[in-house]
Amino acid sequence: FVSSHSNLDPLTETYGIPFYLQYLAHWPEYFIVAEAPGGELMGYIMGKAEGSVAREEWHGHVTALSVAPEFRRLGLAAKLMEMLEEISERKGGFFVDLFVRVSNQVAVKMYKQLGYSVYRTVIEYYSASNGEPDEDAYDMRKALSRDAEKKSIIPLPHPVRPEDIE
Amino acid sequence: MAARGHVQDPNDRRLRPIYDYLDNGNNKMAIQQADKLLKKHKDLHCAKVLKAIGLQRTGKQDEAFTLAQEVAVLEPTDDNSLQALTILYREMHRPELVTKLYEAAVRKVPTSEEYHSHLFMAYARVGEYKKMQQAGMALYKIVPKNPYYFWSVMSLVMQAISAQDEKLSQTMFLPLAERMVEKMVKEEKIEAEAEVQLYFMILERLGKYVEALEVVQGPLGEKLTSELQSRENKCMMLYRRLERWAECNALSCKLLLKNPDDWQFYILYFDSLFYLIDQSWAPPQEGVHCVEYWGEVHASTAQAISFMEDRIATEEAKESKHLRGPYLACLELIRRLRERSCPEAQQLGEPLELMFQFFVKFGDKPCCITDLEIFLDLLTPDQHVQFINRVMEAVPLGAPGEDGVALPGDTRALQRHLCVTQLSRSLGQQHALNTEGKLGLIKELKAHYRHGLQFGKSCLKTELQFSDMYCLMAAHVYIDLWLETGDQNMLWQCLGLLEEGLSHSSSNAQFKLLLLLLYCRLGAFEPVVDLYSSLDAKHVQHDTIGYLLTRYAESLGQFAAASQSCNFSLRFFHSNQKDTSEYIIQAYKYGAFEKIPEFIAFRNRLNHSLHFAQARTERMLLDLFLEADTSSPLEESVKSMSLCPEEDDIPWDSLRDNRDLTVLVSWNPKDRQLKEEHKQHSLEDDTLWLRLRSLTLRLIGCVSALTHLPASRNSEKTTENGVAAKPSSLQSLLSQLENTLNQATQFTEKQLQHPYPFVGPVPSRLAQALSSGCCQCQLSSLQLPLHLQELETAGLDESTELQTQISNLFKSLAVQLQDMLEKCKGDLLDVKDDQSKPQQFLLENLVYFVETVCIVLWVSNYCGSVLRPLKSSLQKKKKKKKEASTVTPPVLSAYQEFSSSLQSLLNQALEHIKSQEISLTALKLGALSLEGQTQSEAEETFTKTAMDKVQSSYLRSLQEIGELLKKRADTLKSLKI
């Protein structure tokens, strides 16, 4: 119950307990937590595997990645992403994808460094609460070894609407 | 309920519109449509159920239930009705009815895989493990799919976990589960990873670690692939249980070579190393030992030292980012060697030097302080200054400016410098400064803070400023000063500084939390509401930090905010109870067996949360204080919250303290940090208070039941709903309250000598309540009904002694109330010598006074209801006898005297509140000069903002308290007899 630090960060969504439980029930292996020597929670990653194998869309998805402010700039996010990618490799995924706010430049830059590229823009994916306009998301992807030709990450020319993504 | 499969069915087509209306929240139309359909097709049961859902959702629970039962007794077997009923029962919080439904369905259609599986899930929702086991087997017999078989096995494991009798688990449930799995293993029918996981869980719980190890390392273990290092982690756990330290050591070595940054394996490596040294372990002489499975074993200090040196050398040679693990591990090894007084510790180097080097490498990372903090005790006290000077030399700062403060040129230098100040604070150097030194330090920290803001000009408002932590630290030094000297200005300036910080960094949770705590302690709840909502606390955070709100809102007289904060928390807890069951079911579906006991433990942890019980109790009390006997009779309020005096709904023995007491960062040295004993005291503190409140609540329930006992007071009528309080329960609750009060008094006396650290837990309301006199006074008033019951039986004629006793009680109650009121008098903001000192305890006392008045009025109301008939029968008698002498029995005159003194007390209180409101409004805090305090104009503005917030909050509290008291005063008339 000492998750307050990282989850009080406004850029990370704090999800409801049902949301976490749903992931733990379905994809327990995709939930990884990092602890510091002093016992502090440094960060966590949560994801899932989904998509059709036949259409070569079976992939790992990053649902949440959060690193507590005092443990940033240590490469922890990269490490957690690496772990998630490895799990997705083992499951025979074609790629790993994630959604990120267009405005979250720090994150976009970091994902690019980790080998992710923008596959498409999803219009008004994040709904705003206090009268501000809804925000677009980038759908970023990185091909795994199963997609040797990197077909899955060829960028789409046009943005899509949230209702058009499965 | 959107997607339905079979489109062909005409009934589906007919029902469609109703589903749509329900999905869109248009319940009225759904009901109408269902009625229309039912006219044409009387037997379309599902329409009835859908109508019931509509009714349920529009608040007509009883109608909905009756209608649903009409269908349920028919034992429907059509999919639509079953699913709709399931949804309805869930919304009604009656999951047990779903089991009945599907029990009937499988009886009628015994071969349906679907219904059997629904039945299993229905049992899972209510935790009927035995029936789940049977349902799982029944399913497997119809359709021999592995998951069904293992559902049954898991249900056995759950029976073992939930069994009260550990022996039963170990000798019956678990062995049975084991045999069931073994059967599948022998028949080579194991298919999935989840099945191996479950097998492992069973063996582990049985303590069969050797067998478990065989499974993990054998062919079955090959299925354990989903989790990273799943097999290694499991082996490691088993080695520890089996105390196979050689294997444990070899495996941690191997994993550390792979990932030299994984701290848990360093710990295991060291643990196992020292066990091996203590056992003088030697490699086995012959043959391939299990050890070779993993590789080298280290069993001497020399090996460990060289292993550490290798790790560091490898790290040094790396081009890429350095990892912290090897360096920290080296310090950890030194600590352990020193603990064992091994002279070899020196071979690894001098901690001061190693920590300095660590700082050189990682000083610009924000985590440097948390890393080094745990090793600071390796330094001797006389090394502290040397260490700080040493690390300070490694901070590139510019030339000192006019004010003598040297500033960093970029964010990396800033972070390094910040880390040094954090280290210095952790070493207690800041605390050792005298007042002047501390003020100088604050000045310096502020200079660094404001200077550092330039680096964060382009920061988004969701990002923190690079120099925020300087501001926070300065605030903590202010608090240190305030606590030491009692100088109120330190606190005002601290608030001002934090408000300033927040204005530059609106997302800084630490600023908000500290402000929140300070305002609470100052008795100003109004600003807290906004701060808390800007923290955007969600879900579990209501449990971990929400306690601050429920602790303070009510006690400071902000009743509306208090109700709201209780509601936040209660909504969270209630939804948890409902939601978790659904995910337990999902875990069965996906075979995440390991998670099922975890989910259940989590649900229990929340259900048994101390804060949950507090919020529940306080919410009910609050509702009564605010509403009962003003807008609706006490009896109705008590009934509507289904408060039953005989029943205690708090799990006292298993209360869980889920508060996050470490959420505030303060870099305090170890001796000032929160200790385990503080947590325990605080838990005891809160529990005692909760006990008092819960007993008070139940006693109010008793009083209500007595007052509204059906007119047939003397007849033998049985009471409805068991709400009526028997005198015996009144008696027993009273003596429990008395006992708890004694315990509380003793506890408080003891506790006052050991206050909590400032950033630790907040004291409960107990101490203030006791000193206000409210507990004793409430107890006295609640004792009255007992005596009046006696009087009722005895009558007026034969009870002189009893009457005197009651009269004395009335008198003493009036005196106690007057005493309480005296303790409320005084200025909330005491202005002296241009300093304003908040006296928030006056506000708390006032609230206790009002709460006590509420209780006294309810009790008086009961007294009136007993005395009234006695008086009128007396008058009748008099009329008959036409006696001239009108000697009023003492109890009647005492009662009348008491009610008039209540009247005057309330008037006094109202006047006091009025006059406080007037003087507070007139008070212009802004005009108070803060001169002599070297504050700049900008700083003064922030400080004044903070003062205004406190002032406005006090006013609001007074208004709310005044309003409630007025409402209560209006009920005085009804006390007449």
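Lys and Arg count here as positive and Asp and Glu as negative, whereas His and the chain ends are not counted, and the place of a charge is taken as NZ of Lys, CZ of Arg, CG of Asp or CD of Glu. The model is predicted, so that local features need pLDDT of at least 70 and side-chain atom pairs count only at pLDDT 80 or more, while totals for chains, interfaces and linings use all residues. Residues are numbered from 1 along each chain as its sequence is written, chains are lettered from A and ligands numbered from 1 in the order in which they are written, and side-chain values use heavy atoms, with hydrogens and water left out. In chain B, the mean positions of the 109 positive and 127 negative charges are 8 Å apart. The C-alpha atoms of this chain fill a box of roughly 115 × 90 × 55 Å along the principal axes. Chain B has 41 helices and two strands, where helices (H or I, at least four residues) and strands (E, at least two) are DSSP runs numbered from the N terminus. Of its 977 residues, 55% are buried; buried means under 20% relative accessible area, exposed over 50%, and partly exposed in between, with a 1.4 Å probe and protein chains only.

**Chain A and its elements.** Chain A has four helices and six strands, and from the N terminus on these elements follow the order α-α-β-β-β-α-β-α-β-β. Among its 166 residues, 47% count as buried. If contacts (heavy atoms within 4.5 Å) are taken between residues at least 6 apart in the sequence of chain A, 59% of them join residues at least 24 apart, and the corresponding share in chain B is 73%.

**A salt bridge between two strands of chain A.** Glu135(A) and Arg101(A) form a salt bridge in which the closest N and O atoms are 3.2 Å apart. Because Glu135(A) lies in strand E6 (residues 135–143) and Arg101(A) in strand E4 (residues 95–101), the pair ties together parts of chain A that are 34 residues apart in sequence. Arg101(A), at 22% relative accessibility, counts as partly exposed.

**Salt bridges between helices of chain B.** Arg425(B) forms a salt bridge with Asp480(B), and their closest N and O atoms are 3.0 Å apart. Arg425(B) belongs to helix H21 (residues 411–426) and Asp480(B) to helix H24 (residues 468–485), so this pair ties together parts of chain B that are 55 residues apart in sequence. Arg425(B) is buried with a relative accessible area of 1%, and Asp480(B) is also buried, with 11%. In a further salt bridge, the side chains of Lys949(B) and Glu499(B) meet at 2.9 Å, N to O. This pair links distant parts of the chain, since Lys949(B) is in helix H41 (residues 937–970) and Glu499(B) in helix H25 (residues 488–504), 450 residues apart. Lys949(B) is partly exposed, with a relative accessible area of 29%, whereas Glu499(B), at 10%, counts as buried.

**A network of salt bridges in chain B.** Six residues are named here: Asp271(B), Glu332(B), Arg335(B), Arg336(B), Asp377(B) and Lys670(B) are linked in a network of salt bridges.

**Nonpolar cores.** A nonpolar core is a set of buried Ala, Val, Leu, Ile, Met, Phe, Trp, Tyr and Cys residues joined through side-chain atoms within 4.5 Å. The largest such core holds 322 residues, of which Phe387(B), Tyr588(B) and Phe593(B) touch the most other members. Helix H39 (residues 840–881) of chain B gives the most to this core, with 20 residues. Leaving aside residues up to four places away in sequence, Tyr588(B) touches several residues, including Phe120(B), Met132(B), Trp151(B), Met158(B) and Ile596(B). Apart from this core lies another, of 36 residues, among them Met46(A), Leu76(A), Leu84(A) and Val96(A).

**Two residues with positive phi in one loop of chain B.** Most residues other than glycine have a negative phi. Ser642(B) has a positive phi of about 35° although it is not a glycine, and its place is in the loop between helix H33 (634–640) and helix H34 (676–707). Trp667(B), likewise not a glycine, has a positive phi of about 55°, and Trp667(B) too is found in the loop between H33 and H34. Ser642(B) counts as exposed at 64% relative accessibility, whereas Trp667(B) counts as buried at 7%.

Definitions and conventions:
A salt bridge is a side-chain nitrogen of Lys or Arg within 4 Å of a carboxyl oxygen of Asp or Glu.
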